[in-house]
Amino acid sequence: MRLRVTLAAVLVAAAFSLPAIARDPVRGAEIAAERCVACHGMDGRSSLAEIPRLAGQQSGFITLQMILFREGIRQVPAMQSSTEKLSDTDIEAVAAYYAGLPSAAPEDRTPRDAALMARGQAISAARNCGVCHLPTYAGRAQMPRLTHQHEGFLAHTMAEYRDGQRIGIDTQMNGAVQGLSNADIAALAHYLAHQD
Amino acid sequence: MKKFVLGLTAVMLAAPALAQQAPVPGWAVGRPEGSTLAPHAPRLTVTPLAEVPVGAIRLPPGFQAEVFAHGIPGARMMAEGPRGTIFAGSRAIGRVYAISRNPDGTTRTRIIAERLVQPNGIVVIGDSLYVLAANRVLRYDNIEANLDNVPAPVELTAAFALPTEQEHGGNHHWKFASVGPDGRIYTNVGVNCNICEFDRDKFALLVSFNPDGSGRRIEARGVRNSVGMAHHPVTRELWATNNGRDWAGNEWPNDTLHRVRQSGEDHGFPYCTAGDPDPQFNAGRNCGSFVKPAALLGPHTAALGMRFYTGTMFPEQYRNMAFIARRGSWNRDKLSGYDVVVAHTDAQGNVTRVEEFMTGFRDDANQRFHDRPVDVHVMRDGSLLVAGEQMGAIYRITYRR
């Protein structure tokens, strides 16, 4: 049984792999230095609660979101100007750069709150967060890493999905957080932000 | 670990437990605990020509495949203008492309519309291009004369009055569109969930309209989500592909091919699929009372764009047969689809067999895929275009004796 489970997991993971494509993280670092570091921080470790940390983020996720920003499908003014006129290759390079940086918890991460942790864990189990983001919450392909993210940013993002203010490349996330209260979201964000 | 295996193999047992966790989003009804199946990531960046997997394509003897056009991220449903321009819609990237052929045989691709919500439904009537997005219906007049300077479209959204994005809740709100021999626009209204109880006069329909959006007529009820339809060139009947529900096991249900003999027929969703009662939503209905599909197209294969072959380049046996693009599965432990199949019919229009035509994109040994065919289009010279959404390429298939 253990073997079968392992095999299934490997097969599923493999289906998402893209063919080997030349992506240049050095070029990505140059673009990031010009366009990204002011908000997302040096080494992709933003210290601002409302700005996501990008170090170790899934390259597939970063690429897709940057395309959606550039195309005006996902509308965040700061990101629209930051992605303007970037070629697809440049976007893939930026994504490769950030994906290759080691992720780490924010220096100012709050201490764990036992009650919030328990409530967040229960919600995550009920909403199957670990199905797509994987049980480690490291994410895969188009589904982002959640660990080491700012708690405030996670809460903000989930509220946007719940309230229909944000749609990803599909509406899976809108469905996943449907009906959660602000307190539910706060607990879930606290729990997810404290995974390592 | 044990729980995981149980979840994978006993989907229906897991369902009642999930139903108690309100609210379960529509797309996840029936999702077994522990499954890690999730939709595959799309690719929305340009794939360089060297990486377009045309070399992987396998075809019957005498057929060849070439790259017709590439660098068209997310290219989906195709339509051809009277001057030969190929238009292609998309979903997530929000663009409509126009691909024209240069005198030397190369192609030029323009983006003629962008920032639309899933502009997947594309038809040409006369000189006008109709775009059916998830939230709008637009008409671009005299489009082929204005590819470099596209005028503002005529807004037909209110006239068509299709259910809104909000009413769909993000479920199956993208459109396929086709022009019937009667000049009407045929399209789908997908169901607003994976599977649920819903208004059967409003969702899971095939519908038709006059081109101005008036005269809505329900062509078929109980068709979960069709993203491919065409009229038979001889019988003039409407045929449609249909995507079966998710989270009911690896082998059930099949995606299906539907033949509509009379407007308004009921094809059974959500109560029955292909003659079988739904494990959760049958509601005591007799499945014999619904129209059965013309053919089964495989579990979770995502059968999408279909056209009848009306050209003369291919051998006689393909004349008037249905070519169907199968985008390929996600809600299945082993990949299925990722190919183009042909449904062969007899003189009465009954499907006699479904056979593989274009294969090679599905790598069974490694459980990976190279591209995802989403639509087919018969060109005037009889060659067949196949849109590959994942790699943003359009392939052209020709036949030489």
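The model is predicted: local features require a pLDDT of at least 70, side-chain atom pairs count only at pLDDT 80 or more, and totals for chains, interfaces and linings use all residues. Residues are numbered from 1 along each chain as its sequence is written, chains are lettered from A and ligands numbered from 1 in the order in which they are written, and side-chain values use heavy atoms, with hydrogens and water left out.

The model scores ipTM 0.85 and pTM 0.90. Confidence per residue is expressed as pLDDT (the predictor's confidence in each residue, from 0 to 100). For chain A the mean pLDDT is 88, with 89% of the residues at 70 or more. Among the elements of chain A, the lowest mean pLDDT, 40, belongs to helix α1 (residues 2-15), whereas the highest, 98, belongs to α11(A). The pLDDT is below 50 over residues 1-14 of chain A, a stretch with 16 contacts in the model beyond near neighbours in sequence; contact means heavy atoms within 4.5 Å. Residues 16-20 of chain A also stay under 50 in pLDDT, and the model gives them 15 contacts beyond four places in sequence. In chain B the mean pLDDT is 92, and 93% of residues reach 70 or more. Residues 1-22 of chain B have pLDDT below 50, with 33 contacts beyond near neighbours in sequence.

Helices and strands are DSSP runs numbered from the N terminus (helices H or I, at least four residues; strands E, at least two). By this assignment chain B contains four helices and 29 strands. Its C-alpha atoms fill a box of roughly 60 × 50 × 45 Å along the principal axes.

Helix α11 of chain A (residues 182-193) packs against helix α9 of chain A (residues 151-162) at an angle of about 135°, with the axes 8 Å apart. Axes are lines fitted to C-alpha atoms, for helices over the stretch in contact, and angles run from 0 to 180 degrees between N-to-C directions. This angle makes α9(A) oblique to α11(A), where angles under 35 degrees count as roughly parallel, over 145 as roughly antiparallel, 65 to 115 as roughly perpendicular and the rest as oblique. The crossing of α9(A) and α11(A) is right-handed; a crossing is right-handed if the near helix is turned clockwise from the far one by less than a right angle, and left-handed if anticlockwise. The residues of this contact comprise ten nonpolar, two polar and two charged. Here Ala, Val, Leu, Ile, Met, Phe, Trp, Tyr, Cys and Pro count as nonpolar, Asp, Glu, Lys and Arg as charged, and the others, Gly among them, as polar. The α9(A) side includes A:Leu154 and A:Met158, and the α11(A) side includes A:Ile185 and A:Leu192.

Helix α7 of chain A (residues 114-126) also packs with α11(A), at an angle of about 100° and with the axes 7 Å apart. The two helices, α7(A) and α11(A), are therefore roughly perpendicular to each other. Seven nonpolar, four polar and two charged residues form the contact of α7(A) with α11(A). Among them are A:Met117 and A:Ile123 in α7(A), and A:Ala187 and A:Tyr191 in α11(A).

A further pair in chain A consists of α4(A) and helix α6 (residues 88-99), packed at about 140° with axes 8 Å apart. These helices, α4(A) and α6(A), are therefore oblique to each other, and their crossing is right-handed. The contact of α4(A) with α6(A) involves nine nonpolar, two polar and three charged residues, including A:Ile62 and A:Arg70 in α4(A) and A:Glu92 and A:Tyr98 in α6(A).

Individual backbone features were also examined. A:Asp43, although not a glycine, has a positive phi of about 60°, and A:Asp43 lies in the loop between α3 (37-40) and α4 (59-70) of chain A. In chain B, a cis peptide bond with omega about -5° joins B:Trp252 and B:Pro253; B:Pro253 is in the loop between β15 (238-242) and β16 (254-260). A cis peptide bond also joins B:Phe269 and B:Pro270, with omega about 5°, and B:Pro270 lies in the loop between β17 (265-266) and β18 (272-273) of chain B.
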